[in-house]
Amino acid sequence: MDIEQKQAEHIDYFVKQASNLKGSSLRNLVVEATSHPSLFAFSEIISVPNVLELEGTENAAFLDLLRMFAHGTWSEYKSVASRLPPLVPDQVLKLKQLTVLTLAETNKVLPYDVLIQELDVKNVRELEDFLINDCMYVGIVRGKLDQLRRCFEVQFAAGRDLRPGQLGSMIQTISDWLSTSDNLLVSIQEKIRWADNMSEMDKKHRKGVEERVEEVKKTLSFKKLQTVSRPTPSSEGMKRSFPNMV
C-alpha cells in the first residue's frame, strides 16, 4: 500500500473521530493525530466544524497545534512553544520529519549544516540516521546522502498541507507554466511547418534535378545513336573520289 493511500485512510479515520467529539475531548485526538507515525496531513482534520469551534476557547491552543503540524516547522514551534501544548517524543519526531518536507519544497540539495540547525541534532551521524530511518525508510522522502559534499540530495519528497495563500500562488505558477507550454507548442508547430516547407522545396528541387539529368541522358543517347548510324566511306568510294591516289 503506497503512502498516499495510507494517508487517505488515516485522514478519514481522524475526521470521523473529530466529528463525534467536542471541546476538551478533542485534546487527546489532536495528540493522537499529531503523533501518528503514518499521518503527515492535517488540513482535513482542521476543517472539521467541531475542531474549528476550538477557536477562542480554553482549548484553542490545540487548534493552533494542529495548524503548526499542518504548516509549521520544528524551529517555528520552538519560537512559540510557550503558547502551545508541550510535545511528546513522537510529536517531536513528526514535526522534525515535516520540517524536512518543508525544506525539500524549495531546495533539492539540503546542506547538512542547515539540517543540523533546523532539526536540532548533535552531529552528522545522528542526522544521517534520522534521514535514513525516520524519513527515507518511512517513505516520505527519497534521496542520496553525500558525505563528501555534506548534503542530502532530494529525489522525491511527499507534499505537505497547503499554507494559507499558497493555493493562489500555485494556481499562478500552473497558469504561467500553461502559458509557457502554449508558447512552446506554437514555436514547435512553426518549426514543423518550416520543416515541411523545406522538405517540399527539397523534393521539388530534387525532382527538377532528376528531370534535367534525364534530359541530358536522352540528349547524349540521341547523339550517340546518330554517330553509330552514320555510314562510313568505303575504300572504293575513296578511290573514286580520289583517282589520283592509285
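The model is predicted, so local features were taken at pLDDT of at least 70 and side-chain atom pairs at pLDDT 80 or more, whereas totals for chains, interfaces and linings use all residues. Residues are numbered from 1 along each chain as its sequence is written, and side-chain values use heavy atoms, with hydrogens and water left out.

The chain contains 11 helices and three strands. Helices (H or I, at least four residues) and strands (E, at least two) are DSSP runs, numbered from the N terminus. In sequence order the elements give the pattern α-α-α-α-α-α-α-β-α-α-β-β-α-α. The chain has 246 residues, of which 30% count as buried. Buried means under 20% relative accessible area, exposed means over 50%, and partly exposed lies in between (1.4 Å probe, protein chains only). Among the contacts with a separation of 6 or more, 56% are between residues 24 or more positions apart; a contact means heavy atoms within 4.5 Å.

Helix α7 (residues 89-106) packs with helix α8 (residues 112-119), with helix α2 (residues 26-35) and with helix α5 (residues 60-71). In what follows, axes are lines fitted to C-alpha atoms, for helices over the stretch in contact, and angles run from 0 to 180 degrees between N-to-C directions. Angles under 35 degrees count as roughly parallel, over 145 as roughly antiparallel, 65 to 115 as roughly perpendicular, and the rest as oblique.

The axes of α7 and α8 are 10 Å apart, and the packing angle is about 140 degrees. The two helices are therefore oblique to each other. Their crossing is right-handed; a crossing is left-handed if the near helix is turned anticlockwise from the far one by less than a right angle, and right-handed if clockwise. On the α7 side, K96, T99, V100 and L103 take part, and they meet L115, E118 and L119 of α8. By class, the residues of this contact are four nonpolar, one polar and two charged. Here Ala, Val, Leu, Ile, Met, Phe, Trp, Tyr, Cys and Pro count as nonpolar, Asp, Glu, Lys and Arg as charged, and the others, Gly among them, as polar.

Helix α2 packs against α7 at about 50 degrees, with the axes 8 Å apart. This angle makes α2 oblique to α7, and the crossing is left-handed. V31, A33, T34 and S35 of α2 form the contact with D90, Q91 and K94 of α7. Two nonpolar, three polar and two charged residues make up this contact.

The axes of α5 and α7 come within 8 Å and cross at roughly 40 degrees, which makes α5 oblique to α7. In this contact, L65, M68 and F69 belong to α5, while Q91, K94, L95 and L98 belong to α7. Five of the residues are nonpolar, one is polar and one is charged.

Side chains of opposite charge can pair when their charged atoms come close. The structure holds 10 salt bridges, each defined as a side-chain nitrogen of Lys or Arg within 4 Å of a carboxyl oxygen of Asp or Glu. One of them joins D120 and K78, with an N to O distance of 2.7 Å. This pair links distant parts of the chain, as D120 is in the loop between α8 and α9 (124-136) and K78 is in helix α6 (residues 74-79), 42 residues apart. D120 counts as partly exposed at 40% relative accessibility, and K78 counts as partly exposed at 38%.

Not counting residues up to four places away in sequence, D120 touches W74, K78, K96 and L115. D120 and W74 are 46 residues apart in sequence, with a C-alpha to C-alpha distance of 8.6 Å.

A salt bridge also forms between D129 and R125 (3.5 Å, N to O). Both residues lie in helix α9, four residues apart, about one turn of the helix. D129 is partly exposed at 32% relative accessibility, whereas R125 is exposed, with a relative accessible area of 59%. A further salt bridge connects the side chains of R149 and E153 at 2.6 Å, N to O. E153 is partly exposed, with a relative accessible area of 21%. Salt bridges that share partners also join E55, D64 and R67 into one network.
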